[in-house]
Structure formats: C-alpha cells, structure tokens
Amino acid sequence: MTDTEGVADVSVVTEASVTELSPGDRRKRIADRVPAEGQVTIEQLVQDLGASQMTVHRDLDTLEHQGTLRKVRGGYHAAFNAFVGMSTADIARTFRADVAFLSTSAVDNGHCYHRAQENVLVERALMAAARRKVLLVDHSEFGRQALYEPAPPADLDLVISDEQLPQEEQEALQSLGVRYELATEGSRRE
C-alpha cells in the first residue's frame, strides 16, 4: 500500500490463490485485517477469502475464542451494551464518582487489555473521575491478550474475580501489590 498520492495500491487476490488458503492462513489474514481496518463484515471476508459464510463464521468464532478479535453482531459495539468513543469519554471526564466498576477483555503479564480502543478511552476517563477503581474480571480473561491497555492492575484499588482464578494468577497479582478478592457462587446477594 502506498501513501504517495492518497491512493492505495491494492493487490488483487486471484481465485486460484484463494482456494489454496488453509484454515490457518485464512484466520491469519482475518486477524491481520481486522486491526488494520477496525472492522470488516462477513460479506467482505467471504468475497475476499473466497470462502463460504459458514467457514468465515467458524474462523471468526475460533479467533474470538482465542481472544484475537470480538465478533459483533449488528454493528459501533452493541455487544458491549454501552456508549463508547471520544464523545462519551469527554462526557465521562466531567463526572465525579465514588467507585468506578470496570471490565476488561484480557489480563496478561501484569497488564489489562481491551479489544476496542473506544472502550479504553471511556474507561480511562471514568478511572480519572472516580475515587476508587474496581475491576470485575472472570478467571478466563487471565493469560489472554488484546490490543489496547486502559491501565495496569496496579492502578486499580481492587480486582474482583471468581474462585476459579488460578493460583499463579493470584500470586502474580500479589507480587504487583494488587488487592484482589475472589467472589464465590454463594456470595450473591438477592
């Protein structure tokens, strides 16, 4: 891709080269493309990869399970059920709160990550507006990676996870000086 005159140099994928793609090659192309473009549709991937809709859906499901991307149905982050983006972050900066309850897509090697940059902007603004910052994170998010870091766990006042959080992850939090609690099934209040 060239940037000389604002015109992109796009290479055309021939039908012969598309049919030769292995599942791993298809998934790599998808995983490379999504961060570069921000989002792609199933129809675009079907056309570009020369694969069926079901094949593309399966590839996306695999990549989502690996934590590489988030498969959004219906489009701008309906899956998050939240307002996100720069305008929302600007508004959030005007708030003052006692506690901000936050989530994350991944925790790895002492860092929290999110898949969507728009969410990170809002989370950072909410963290700046709150006296206390509490991260609610399922044990399955540990050891995963995503692209954007809202804050390291050490910047949080408390991390709450479930009782299935592996001992090595608990020890890693302790070594960083992060206060954490494990929620148990019987601890729900009704």
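A crossing of two helices is right-handed if the near helix is turned clockwise from the far one by less than a right angle, and left-handed if anticlockwise. The model used here is predicted.

**Exercise 1.** How do helices H2 and H4 cross, and which residues make the contact?

*Solution.* 
1. Locate the helices. H2 covers residues 23–37, and H4 covers residues 53–65.
2. Take the axes. They come within 10 Å and cross at roughly 70 degrees.
3. Classify the angle. Angles of 65 to 115 degrees count as roughly perpendicular, so H2 is roughly perpendicular to H4.
4. H2 passes H4 in a right-handed crossing.
5. List the contact. H2 supplies Arg26, Arg27, Ile30 and Ala31, while H4 supplies Thr55, Asp59, Leu60, Thr62 and Leu63.
6. Sort by class. The contact of H2 with H4 has 4 nonpolar, 2 polar and 3 charged residues.

**Exercise 2.** Are H2 and H3 oblique or roughly perpendicular to each other?

*Solution.* 
1. H3 spans residues 42–49.
2. The axes of H2 and H3 come within 12 Å and cross at roughly 130 degrees.
3. H2 and H3 are therefore oblique.
4. The crossing of H2 past H3 is right-handed.
5. Arg29, Ile30 and Arg33 of H2 meet Gln44, Leu45, Asp48 and Leu49 of H3.
6. This contact of H2 with H3 splits into 3 nonpolar, 1 polar and 3 charged residues.

**Exercise 3.** Which residues line the largest cavity?

*Solution.* 
1. Start with volume. The largest cavity holds about 50 Å³ of space.
2. Read the lining. Leu102, Ser103, Thr104, Cys112, Glu123, Met127, Leu135, Pro150, Ala151 and Leu156 line the largest cavity.
3. Sort the lining. It has 7 nonpolar, 2 polar and 1 charged residues.

Terms used
Residues are numbered from 1 along each chain as its sequence is written. This is a predicted model: local features need pLDDT of at least 70, side-chain atom pairs count only at pLDDT 80 or more; totals for chains, interfaces and linings use all residues. Side-chain values use heavy atoms; hydrogens and water are left out. On a 1 Å grid over the protein atoms alone, a cavity is a set of points where a 1.4 Å probe fits but cannot get out, and a pocket is an open set with protein on both sides within 12 Å along at least five of seven lines; lining residues have an atom within 4 Å of a point. Grid points are joined across faces, edges and corners, and a volume is the space filled by probe spheres set on the points. Ala, Val, Leu, Ile, Met, Phe, Trp, Tyr, Cys and Pro count as nonpolar, Asp, Glu, Lys and Arg as charged, and the others, Gly among them, as polar. Axes are lines fitted to C-alpha atoms, for helices over the stretch in contact, and angles run from 0 to 180 degrees between N-to-C directions. Helices (H or I, at least four residues) and strands (E, at least two) are DSSP runs, numbered from the N terminus. Angles under 35 degrees count as roughly parallel, over 145 as roughly antiparallel, 65 to 115 as roughly perpendicular and the rest as oblique. Contact means heavy atoms within 4.5 Å.
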